[in-house]
Amino acid sequence: MRIARIKKETVKTEDKKVDLSLMDPFIEKYKNTRGNMIPLLQHTQGLYGFIPRDAFLKLEKETNLKLSDMYGVASFYAQFRLKPVGKVIIKVCHGTACHVQNATAITEALEEELKVKDGETTKDGVFTLESVACLGCCSLAPVMMIGDETFGKLSGKSAKDVIRSIREREMGTPCKN
Amino acid sequence: MKKTKVIVGLGSCGLAAGAGKVYDKISTIKKESNLDFELKKTSCIGMCFREPLVEVIDDNGSYLYGEVDEKRAAEILEKHIKNAEPIKEYVVKTDLFETKDKAYFEGQVKIALRNCGYMDPEFIEEYEEREGYKAMKSIAAKKITPVDVIQTVLDSGLRGRGGGGFPTGLKWRFANNNKAKTKYIICNADEGDPGAFMDRSVLEGDPHSVLEGMTIGAYAIEASDGWIYCRAEYPLAIKRLNIAIEQARKKGYLGKNVFGIEGFNFDIHIKEGAGAFVCGEETALMASIEGERGMPRKRPPFPAESGLWKSPTNINNVETFANIPWIINNGAAAYAKYGTAKSKGTKVFALTGKIKNGGLVEVPMGITIRDIVFKLGGGIQNDKKFKAVQLGGPSGGCIPEYLGDTIVDYDSVNSTGAIMGSGGMVVMDETTCMVDMARFFLDFTKKESCGKCTFCRIGTQRMLEILQRITEGKGKNGDIEMLIDLSNQIKDSSLCGLGQTAPNPVLTTIKYFRDEYEAHIRDKKCPAKNCKPLLKYEINPEKCTGCMVCKKVCAVSAISGERKQIHVIDQSLCTKCGSCFAKCKFDAITVN
């Protein structure tokens, strides 16, 4: 069931301090339009990479939306995140075509490379590893998407290579191996 | 002499295959040399297995080059553009000589995909050159009434291409019969079926045909606003739709008194989905546009009476809308000429999985599955044995090889237990385990169940647990019967299509591949050698040459042995990844 996406918090994480005034322009734009909840949440996440607690409270105060409704929606859709994510989000496709072409091996290789489990963020806060349903590049299966870039016909090794080159770009330091 | 054109395919697949770099390379060479040609962009040509694709059009005709990397691109410019010598062995499609991929194009009829790959989707003018907006203009000029438009669509026999297969004309008539003041039209572009991507291709490659189709629909049912509900996973499609809508507004094709038709005010908005498979269901989709959790609502009232914000609403999918302008331009009879008695026209299939020629094919209804797989698709990768196709994604089912002569039309496909669905056709070979496939789909539907109906919410979870157990070698007698019982209860007790169809992959795999289930449960064996917990990799001492290749490739160092000595796999360390099996040149590694 969809609500199962929200994992129970075992350790209380400190919310990153964010500049809430950045939200003002789109709050103004969507404040009085019908069906504005999803676009408001999408824009908020666009700013911060996730929806911070304070942003929910601000939306409640400045629009006609209720906190409980917003939480309901944010926990329903796969797109929304309630926790900070890494700078680079790796979406490994687990659609049918990718599954048939062994997408599991890609996720496993990346879990090994990044030393995190599926759905987690690396300790340095650079990478978040996610599984997604289908990216629609089925004929290039297995694929993964990083930012707006899609990488196709992967093997465990080539997926690792992509990550290593991004890490070098992000950190400015070559990685071990 | 016309100027030579060089066109690069920059759809999502092409970009993923490296077409962006190819475009940049050609662009650089163009700047640095004095070669005289026009460099253009287009979108997905559908021939994904040969991406990146570059088309060269010179005085003799068109040459489509496949698998073009930066090196090949430079070569093509040097030989074909500079010296006027086409490089025949790289050409995958041309009318001028035979190519090895000829069979892929023969038998295809492009109606919905008529413009994909033939124009730059970011220019409205190019669409208009290809009969774009002609249908809407002739409706305006000839003062064709909404009722007549609906009649044409009815006569064409077009049925909903999103999977339901409901006659589009009939849907429009219901919406037209309702005389409410405010009505809406929605384009369902929430292509959530894992394994289907034709809607993405149409949106990226020919967004205007969808806008025109929607405008014709709005005119027919007298709607004032339209929404395109598009997956957020398709950023390029959303970008191109936004460009297309802006251009159409500027030309007066959207807005007030559209196409000069007095009183016909119509505009289109884009709604980005937020990632929920259930939103492909029409009532859930409307709840999502309204900003709520995408949970299905009870029908009746049907959307044609009370839909979006309680106004009468008509929903069609992308491919359906893309067909509409062609039908108006060419007439209902021209469309109905293709297909079978009850399923007219063409259907786009996304051919993926263990197939040689993966990509999009548009074929007339009535072609057999075997012909799609072997004639157009070129057969199975590495010439393995064709086992089954999965049609209709998680809502559909498997059709085994021996039913390969089933023709594709709504009713024939339904009679096998699968559904046409949106047209994802995942091809499976002898190495695909059917129990694992069923488990994969249940895992998907379990996660995507919205939780409203108990049987769907809990039933899919229980089914998944059973399937999980079977693939781990812990299956019990009675599991198959329990799966069938649960399936029937979920089908009977779910409100929407998701729950009603979720058990289909399990039911069809049990129906056609019961022996595989039994092998897992009784013999603790996976005949396809796919379910890891049931496998054991061993080295045959008689065949091992001690070449050390397997030892090097093993990621967990489970293989030991010196050069020219027989190697051994430590079963306690082996993760059963299969790398050694794939690398061994001497068939010395066995799987059981």
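Reading a predicted two-chain model

Mentor: Chain B is divided into domain 1 (5–100), domain 2 (124–333), domain 3 (346–429), domain 4 (449–522) and domain 5 (536–591). Please keep in mind that this is a predicted model.

Trainee: How far apart are the centres of domain 1 of chain B and domain 2 of chain B?

Mentor: Taken over C-alpha atoms, these two centres are separated by 34 Å. The contact takes 5 residues from domain 1 of chain B and 5 residues from domain 2 of chain B. On the domain 1 side, the residues that touch domain 2 of chain B comprise 1 nonpolar, 4 polar and no charged residues.

Trainee: What is the domain assignment of chain A?

Mentor: Chain A is assigned domain 1 (19–84) and domain 2 (88–171). The centres of these two domains of chain A lie 28 Å apart over C-alpha atoms.

Trainee: How many helices and strands does chain B have, and what share of its contacts joins residues at least 24 apart?

Mentor: Chain B has 23 helices and 18 strands. Among its contacts between residues at least 6 apart in sequence, 71% join residues at least 24 apart.

Trainee: What is the strand order in the open sheet of 5 strands in chain B, and which strands stand at the edges?

Mentor: The general idea first: strands of a sheet pair through backbone hydrogen bonds, either parallel or antiparallel. In chain B, the open sheet has the order 11-10-14-12-13, with mixed pairing. Strand 11 (359–364) and strand 13 (397–400) of chain B stand at the edges; each has a single partner strand, so one side of each is left without a neighbour in the sheet. From one strand to the next, the twist averages 30°.

Trainee: In which sense do strand 12 and strand 14 of chain B pair?

Mentor: Strand 12 (residues 386–391) and strand 14 (residues 424–429) of chain B pair in the antiparallel sense, over 5 bridges. Within this pairing, Phe386(B) stands opposite Asp429(B) in strand 14 of chain B.

Trainee: Is Ile372(B) buried or exposed?

Mentor: Burial is judged by counting neighbours, and 20 or more other C-beta atoms within 10 Å make a residue buried. Ile372(B) has 21 C-beta neighbours inside 10 Å and therefore counts as buried. Ile372(B) is found in helix 15 (residues 369–376) of chain B.

Trainee: Which residues are in contact with Ile372(B), leaving aside its neighbours within four places in sequence?

Mentor: They are Phe349(B), Leu351(B), Val361(B), Val363(B), Ile367(B), Gly377(B) and Met425(B). Pro207(B), by contrast, is 165 residues from Ile372(B) in sequence and 27 Å away in space, C-alpha to C-alpha.

Trainee: How many residues does the contact take from chain A and from chain B?

Mentor: The contact takes 37 residues from chain A and 49 residues from chain B. On the chain A side, helix 2 (37–48), helix 4 (67–76), helix 5 (96–100) and strand 4 (149–151) each supply at least two residues. The largest share of that side, 4 residues, comes from helix 5 of chain A. By class, the side of chain A that touches chain B has 22 nonpolar, 12 polar and 3 charged residues.

Terms used:
Residues numbered from 1 in each chain as written. Chains lettered and ligands numbered in written order. Predicted model: local features only at pLDDT ≥ 70, side-chain atom pairs only at ≥ 80, totals over all residues. Pairing = 2+ DSSP bridges. Axes fitted to C-alpha atoms, helices over the stretch in contact; angles between N-to-C directions. Contact = placed C-beta atoms within 7 Å. Nonpolar A, V, L, I, M, F, W, Y, C, P; charged D, E, K, R; others polar. Buried ≥ 20, exposed ≤ 12 C-beta atoms within 10 Å, placed from the backbone. Domains from an automatic or database assignment.
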